[in-house]
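Here's a quick tour of one chain, from a couple of single residues out to the whole fold. Have a look at the model first, then read on.

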Amino acid sequence: MNFLQSVRVVGTSMAPTLTSGQRALFSKVVRADKSLLNKVVLISRINSAGAQDFYQIKRVTKYENGKFFVTGDNQDASTDSREFGWLEPNEIVGKLLIKF
């Protein structure tokens, strides 16, 4: 990820904070730590072969033992840590700056 990353929101997992079709600007996370608690972040999901697969936008809801638990604001429509588990710090790649 570059220092700044613009992404288009697809889906409803972060509604009402972010809605499908909106754009969001994320700043690169240099150090993922407990300061990200309750923040909207861009995560890089890794496939079973160990390569980056896709990005998702989620909110950090828990931080324990150096790992992150993320959920969508619209939990009924979100695939998140309740399904794929806790994230490592290197999977948090951006923090929301602005939405437009």
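## A residue in β4

Q56 sits in strand β4, which covers residues 52-64. This is a predicted model, by the way. Is Q56 buried or exposed? Its relative accessibility is 14%, and buried means under 20%, so Q56 counts as buried.

What does Q56 touch once residues up to four places away in sequence are set aside? The list is V41, L42, I43, R45, T79 and F84.

Zooming out, the chain's secondary structure amounts to one helix and six strands. Reading from the N terminus, the order is β-β-β-β-β-α-β.

How does the radius of gyration fit with a compact globule? For 100 residues, such a globule would come in near 13 Å, and the chain has 12 Å, which agrees. The C-alpha trace spans about 35 × 30 × 30 Å along its principal axes.

Buried residues account for 38% of the 100 residues. If you take contacts with a separation of 6 or more, 50% of them are between residues 24 or more positions apart.

## The N-terminal end

M1 belongs to the segment before β1. Its relative accessible area is 28%, so M1 is classed as partly exposed. Which residues does M1 contact, leaving aside neighbours within four places in sequence? They are F26, S27, K28, L42, Y55, V93 and G94.

For a distance check, take M1 and Q22, which are 21 residues apart along the chain. Their C-alpha atoms are separated by 20 Å.

## A nonpolar patch

Which residues form the nonpolar patch on the surface? F3, L4, L97, I98 and F100 do, and together they have about 530 Å² of accessible area.

One of them, L4, lies in strand β1, which runs over residues 4-8. L4 has 41% relative accessibility, so it counts as partly exposed. Patch members need over 30% relative accessible area, so L4 at 41% clears that cut-off.

Some backbone angles deserve a look. Most residues other than glycine have a negative phi, and most peptide bonds are trans. Where does the chain depart from the trans form? The peptide bond from A15 to P16 is cis, with omega near 5°. P16 is in the loop between β1 and β2, the latter being residues 23-28.

Then there are two asparagines with positive phi. N65 has a phi of about 50° and lies in the loop between β4 and β5, where β5 is residues 67-71. Is N65 buried or exposed? Its relative accessible area is 80%, so N65 is exposed.

Technical notes:
Residues are numbered from 1 along each chain as its sequence is written. This is a predicted model: local features need pLDDT of at least 70, side-chain atom pairs count only at pLDDT 80 or more; totals for chains, interfaces and linings use all residues. Side-chain values use heavy atoms; hydrogens and water are left out. Patches are made of residues with over 30% relative accessible area and no salt bridge: like charges are joined within 9 Å, nonpolar side chains (Val, Leu, Ile, Met, Phe, Trp, Tyr) within 5 Å. Accessible areas come from the Shrake-Rupley method with a 1.4 Å probe; for residues, only the protein chains shown count as cover. A salt bridge is a side-chain nitrogen of Lys or Arg within 4 Å of a carboxyl oxygen of Asp or Glu. Helices (H or I, at least four residues) and strands (E, at least two) are DSSP runs, numbered from the N terminus. Buried means under 20% relative accessible area, exposed over 50%, partly exposed in between (1.4 Å probe, protein chains only). The radius of gyration is taken over C-alpha atoms; the globule rule is 2.2 Å times the number of residues to the power 0.38. Contact means heavy atoms within 4.5 Å.
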